[in-house]
Amino acid sequence: TKRFNCVPYGTGSCPPFRFKYPMLPHHQRSLGRDWTTPWENLQRCCWNRHISSCMRWPGHYSRAPYPYFSSRHFSLNWRPPCLFESRTQFQYWNWRPDSLSQTSLIHLSSSIMNSEGDEPSSKRRKHQGTIKRHWEYICNHNKENMKILGDKNVDPICEDSENKFDFTVMSYNILSQNLLEDNSHLYRHCRRPVLHWSFRFPNILKEIKNFDADVLCLQEVQADHYGTEIRPSLESLVGYHCEYKIRTGRKPDGCAICFKHSKFSLLSVNPVEFYRPDVPLLDRDNVGLVLLLQPKIPSGASPAICVANTHLLYNPRRGDIKLTQLAMLLAEISSVAHQKDGSFYPIVMCGDFNSVPGSPLYSFIKDGKLNYEGLAIGKVSGQEQSTRGQRILSIPIWPPNLGISQNCVYEVQQVPKVEKTDSDPTQTQLDKTEVLATAEKLSSHLQHHFSLSSVYSHYFPDTGIPEVTTCHSRSAITVDYIFYSGEKKDVAGEPGTEVALVGGLKLLARLSLLTEQDLWTVNGLPNENNSSDHLPLLAKFRLEL
């Protein structure tokens, strides 16, 4: 996207691209390094013009679901206006131009208007402080029961009992040091010392010990650090058993799942490689990891719990690869969590899915179905706002030789037959293994058998402001999730598919998330106390026995 290097004076002309009319009126007002202009003048002078190119958009790249405004006279319930020619609604807001008063001011960040390399003034180094996060108790909505992290008391309604098994799950993208150094432009707001691994790792370890989760799902775990520091520390200091899957190719990081010996025993380890040399579509080195864990309960047997962890492809314009990687992970979960009676063990699926709330990929996980006919490849994850020049998803997305159906399960393979020949009784002949594709027509409908919910709601109910899980110089959005199978209910499939009974978990509590503004009060991420550009997610579940 081209960015206009506007100068904050006179008519606001924009070299080297010049408009036919002045872009901003003469009477702009300076606010420190930034500039404002009354809304009615901006609307009169710039409506249906490319003013968006000169505004700061807090999201991926220069486009994001909502612009950055500032006003002296807004009410608390104001809605940002639509500034684009299409007048379409944005993902996070229902925008109405008439919501702004005539005295409202549009905030134009001079960091964008002066030079592309400078950081916005709102992202300049702030005083250093600590992030305050509290437990939100789902089983009792009384706000008086919310407690700041570190309070060991729990909501009495959420206490253990003999026929219940409670456990906590944490998902955390800890920011691989190699990726940090390869993308240093994302961390220009940080002091250099806080980016060194020698400074970051003690902070990360302190967070993990403080949260004390029973199950820990980590992404961007660098292989050399895992072997020399991360795994030894987690096993000796915290009492975890760790399993790790490095990315394929020459990528030096991967995913890890760690669990407490005192809470679980390991039943199976199932790594998933999304790279397939026989499938041209799957040429990326992302991976997943699926464990089947057995809760340790003295009173008797309990169902196993399936825990999955992944880090999907980042590229916002390759939604086809993202959906295929997700389908492969879901197929492995279905295989691992499937029980003989046709039901599934309870499922917890964590990771960095590189998709925003409300996107088609996110909706597919939660709704269990997706019709992708006519869907632009860059719209799948919701990270791209423009579909210009993007192709439509093909039908089907992945080829039949991947061996995964549109229902996101492994297609049934015929067992090789053993036959004796007349000429030599000892000689055997194996029929070629066939993949029995179900009677699926070329359909644009995807589905899965799980009833999955998100631990987080992604918006603050009182204000509608988005929660964020990652925040650096160019982005502040939600891409990290903990999904879980809800309480038992039937999931109706399409004709010809079995009805799956999903084992249910009850969400008891979650660790609160923050807004972008909250994070910039402590200089964004990483900072002196939080050493990743992602926030850890933490949830407490109950399994009924």
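This is a predicted model: local features need pLDDT of at least 70, side-chain atom pairs count only at pLDDT 80 or more; totals for chains, interfaces and linings use all residues.
Contact is taken here to mean heavy atoms within 4.5 Å of one another. Helix H7 spans residues 360-367, and Leu361, Tyr362, Phe364 and Ile365 are buried in it. These four residues lie on the same side of H7, because the arc they cover around the axis is only 160°. An α-helix has 3.6 residues a turn, so residues three or four places apart point the same way. The cover over the buried residues of H7 includes helix H6 (319-337) together with strands E13 (347-352), E14 (369-371), E17 (445-447), E18 (452-454) and E21 (480-485). Just after H7 comes Gly368, with a positive phi of about 80°.

E6 pairs with E25 in the antiparallel sense over 8 bridges, and Met170 has Leu538 in E25 as its bridge partner. E6 also runs parallel to E7, with 5 bridges joining the two; here Val169 stands opposite Val215 in E7. Strands of a sheet pair through backbone hydrogen bonds, either parallel or antiparallel.

Attention now turns to charged side chains. The whole structure contains 15 salt bridges. One of them joins Glu136 and Arg510, whose closest N and O atoms are 2.7 Å apart. Glu136 belongs to strand E4 (residues 134-137) and Arg510 to strand E24 (residues 506-511), so this pair ties together parts that are 374 residues apart in sequence. Buried or exposed, how do Glu136 and Arg510 count? The cut-off for buried is under 20% relative accessible area. Glu136 is therefore buried, at 13%, and Arg510 is buried too, at 15%.

A salt bridge also forms between Arg191 and Glu528, with 2.5 Å between the closest N and O atoms. This pair links distant parts of the chain, 337 residues apart: Arg191 sits in the loop between helix H3 (177-182) and helix H4 (197-211), and Glu528 in the loop between helix H8 (516-520) and strand E25 (537-544). Arg191 is partly exposed, with 34% relative accessibility, whereas Glu528 is buried at 18%.

Asp212 and Lys260 likewise meet through their side chains in a salt bridge, at 2.6 Å from N to O. Asp212 lies in the loop between H4 and strand E7 (215-222), while Lys260 is part of strand E9 (residues 253-260), 48 residues apart. Asp212 is partly exposed, with a relative accessible area of 36%, and Lys260 is buried, with 11%. The pair is also part of a network of salt bridges that links Asp212, Asp214, Lys260 and Lys263.

How values were computed. Residues are numbered from 1 along each chain as its sequence is written. Side-chain values use heavy atoms; hydrogens and water are left out. Buried means under 20% relative accessible area, exposed over 50%, partly exposed in between (1.4 Å probe, protein chains only). The arc is that of the directions from the helix axis to the C-beta atoms. A salt bridge is a side-chain nitrogen of Lys or Arg within 4 Å of a carboxyl oxygen of Asp or Glu. Two strands pair if DSSP finds at least two bridges between them.
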